[in-house]
Amino acid sequence: MKVRLFALLLLCACSPAAAQDRNLSQANFDPLHDPIYPQDHVSPLSKPVWEIGPWVGGGTGLGEASEFKIVNAGVRFGRVLTGTIGHGTFRGTFEIAGDIMPLYEIRQDDFYTTGPQHWVYGGAFNGLVLKWNWVANKKVTPYFSAEGGVLFTTTEVPPGDTSRVNFLPGGAFGMYVMQTPKHAIDLSIHITHISNASMGNHNPGINATMQFRVGYTWFK
């Protein structure tokens with residue numbers, strides 16, 4: 001009888017401690033060491049890491065701006081700032097990045113003549129790119145981003161007493177297709193607005209462009 005009573009008291013004493021341990025374990029949950037999603041099954045962007053990668057791209061204006069064509073190339077620099085946030089399939093990391101674009105050519109009509117379209121040379125940079133990376137999958141890491149930059153051209157874009165300096169607000173959706181834990185192919189679609197923010201005498205802008213990019217990224 002005394003043995004049974006002692007066992008019952010011991011069980012009651014251990015139950016709150018076990019519950020506390022479970023709560024503590026959940027509070028300190030680390031997705032990188034989740035037995036359901038072990039570390040070798042997640043993206044290299046699941047922890048703070050640098051990225052650098054050249055890319056090439058091109059696209060067209062949308063709707064009434066469909067006569068505009070764009071070809072560009074650049075290099076992206078980025079840094080993942082956080083560890084993994086959240087649980088399960090939709091957990092991810094926050095990254096800040098930027099693009100240097102020495103080539104940003106736009107094909108447009110000549111406002112002053114009735115001649116054919118011509119290419120206008122420009123260079124640009126995206127000074128601020130805010131990214132969210134979904135890191136649950138080892139092979140493919142989707143992401144979306146908000147972007148903002150400045151475009152400088154040798155003549156006015158769009159034509160017609162506007163400006164040689166335009167701003168490039170927009171957003172993107174893309175994915176890294178991992179080749180190794182430190183290398184990936186980067187595929188993305190960018191929706192970008194081109195506007196001089198009324199710095200010129202006229203500001204018709206290019207309301208929306210759709211641009212596609214392909215790049216190769218190194219993680220360090």
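Colleague: Where does Phe173 sit?
Modeller: Phe173 is in strand 8, residues 170–180. Strands here are DSSP runs of E, at least two residues, and helices are runs of H or I, at least four residues, all numbered from the N terminus. This is a predicted model, where local features need pLDDT of at least 70, side-chain atom pairs count only at pLDDT 80 or more, and totals for chains, interfaces and linings use all residues. Residues are numbered from 1 along each chain as its sequence is written, and side-chain values use heavy atoms, with hydrogens and water left out.

Colleague: Which residues make the nonpolar surface patch?
Modeller: Val56, Phe144, Phe173, Met175, Leu187 and Val214 make a patch of about 490 Å². Patch members have over 30% relative accessible area and no salt bridge; nonpolar side chains (Val, Leu, Ile, Met, Phe, Trp, Tyr) are joined within 5 Å, like charges within 9 Å.

Colleague: And the accessible surface of the protein chain, what does that come to?
Modeller: About 12,200 Å², with 68% belonging to carbon and sulfur atoms. Areas come from the Shrake-Rupley method with a 1.4 Å probe; for residues, only the protein chains shown count as cover.

Colleague: Zoom out. How many helices and strands are there?
Modeller: The protein chain has 1 helix and 10 strands. Along the sequence the pattern is α-β-β-β-β-β-β-β-β-β-β. Of the 220 residues, 38% are buried.

Colleague: What share of the contacts is between residues 24 or more positions apart?
Modeller: 62% of the contacts with a separation of 6 or more. Contact means heavy atoms within 4.5 Å.

Colleague: What is the average pLDDT?
Modeller: It averages 85 over the protein chain, and 79% of the residues score at least 70. pLDDT is the predictor's confidence in each residue, from 0 to 100.

Colleague: Where does pLDDT stay under 50?
Modeller: Over residues 5–39. The model has 18 contacts beyond four places in sequence for that stretch.

Colleague: Charges next. How many salt bridges does the count come to?
Modeller: The count is 5. The rule is a side-chain nitrogen of Lys or Arg within 4 Å of a carboxyl oxygen of Asp or Glu. Side chains of opposite charge can pair when their charged atoms come close.

Colleague: What do Glu51 and Lys131 do?
Modeller: Their side chains meet in a salt bridge, 3.2 Å from N to O. The pair links distant parts of the chain, with Glu51 in strand 1 (residues 50–61) and Lys131 in strand 5, 80 residues apart.

Colleague: Are those two buried or exposed?
Modeller: Glu51 is buried at 4% relative accessible area. Lys131 is buried too, at 1%. Among the residues in contact with Lys131 are Arg76, Phe94 and Tyr176.

Colleague: Which residues are linked in a network of salt bridges?
Modeller: Arg76, Asp99, Glu147 and Arg213. Asp99 and Arg76 form a salt bridge, their closest N and O atoms 2.7 Å apart. Asp99 is in strand 3 (residues 92–108) and Arg76 in strand 2 (residues 69–80), 23 residues apart. Arg213 and Asp99 also meet in a salt bridge, at 3.4 Å, N to O. That pair runs from strand 10 to strand 3, 114 residues apart. Both Arg213 and Asp99 are buried.

Colleague: What else does the Arg213 side chain reach?
Modeller: The Arg213 side chain makes a polar contact with the side chain of His190, at 3.5 Å. A polar contact is a pair of N or O atoms within 3.5 Å; within protein, one must be able to donate a hydrogen and the other to accept it, and residues adjacent in sequence count only if both atoms are side-chain atoms.

Colleague: Backbone now. Where is the cis peptide bond?
Modeller: A cis bond joins Val157 and Pro158, with omega about -15°. Pro158 is in the loop between strand 6 (140–153) and strand 7 (165–167). Most peptide bonds are trans, and most residues other than glycine have a negative phi.

Colleague: What about phi of Ala197?
Modeller: Phi of Ala197 is positive, near 55°. Ser198 has a positive phi as well, near 65°. Ala197 is in the loop between strand 9 (183–194) and strand 10. Ala197 is partly exposed at 48%, and Ser198 is exposed at 55%.

Technical notes
Buried < 20%, exposed > 50% of the residue type's maximum accessible area, 1.4 Å probe, protein only.
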